[in-house]
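Dear colleague,

Please find the structure below, handed over for your reference.

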Amino acid sequence: MVMTNTQTAPQTATGTTAQTLAPTPRLNFAKAAPKAFKAVIGLDAAARDGLDPALVELIQIRASLLNGCAYCLHMHTSDARKAGEDEARLHMVGVWREARNFFTEKEQAALDLTEAVTLVHQGGVPDDVYARAAAHFDETELGHVLALIFTINTWNRIALSTAKVAGEDER
């Protein structure tokens, strides 16, 4: 059986659709490719090791915003709130350049690197962005930050490709 990506509401009297409902979930990636799923979980856990949990969530939120992944955005903003993250900061992640006063220099460097890696197709990772991050993180931390960025981009692509529904945390 083939499922469509979105369900639509019944047509109105004029023949138009009243609204588009939530996406219909597609493949259950964890069940369909359990070894690959477990490998991504392993990379995710290794990437987080030694990083500040607040920074981890900020990176995941920013990448999820850039990728348009509502499922991951909902999950990581919820996780950040549970961990005590300030609500005002969560509202500013998407506009962090205009709201620098909400974030430390180190967080700004991580957010900048997150954008460059996530949007790598728009010109790669500029040397100045990388150098700024390298000035705030030692080599091991920087490796973990990069691995975290790789991982959240992978999770975003899994969630978007399989039409995960925001608000349905399946962990």
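C72 is buried, with a relative accessible area of 3% (buried means under 20%, exposed over 50% and partly exposed in between, with a 1.4 Å probe and protein chains only). C69 also counts as buried, at 1% relative accessibility. The sulfur of C69 lies 3.4 Å from its closest cysteine sulfur, that of C72, which is too far for a bond, since a disulfide is a pair of cysteine sulfur atoms within 2.5 Å. The count of disulfides is accordingly zero.

Please note that this is a predicted model, in which local features need pLDDT of at least 70, side-chain atom pairs count only at pLDDT 80 or more, and totals for chains, interfaces and linings use all residues. Residues are numbered from 1 along each chain as its sequence is written, and side-chain values use heavy atoms, with hydrogens and water left out.

Turning to the helices (DSSP runs of H or I, at least four residues, numbered from the N terminus), α3 (residues 53–67) and α6 pack at about 35 degrees with their axes 9 Å apart. Axes are lines fitted to C-alpha atoms over the stretch in contact, and angles run from 0 to 180 degrees between N-to-C directions. Among the α3 residues that meet α6 are L55, L58 and I59, and the α6 side includes A110 and L111 (contact means heavy atoms within 4.5 Å).

The axes of α6 (residues 105–118) and α7 (residues 127–136) come within 9 Å and cross at roughly 145 degrees. In this contact, α6 residues including L113 and A116 meet α7 residues including V129 and A133.

Yours sincerely

Terms used: Helices (H or I, at least four residues) and strands (E, at least two) are DSSP runs, numbered from the N terminus.
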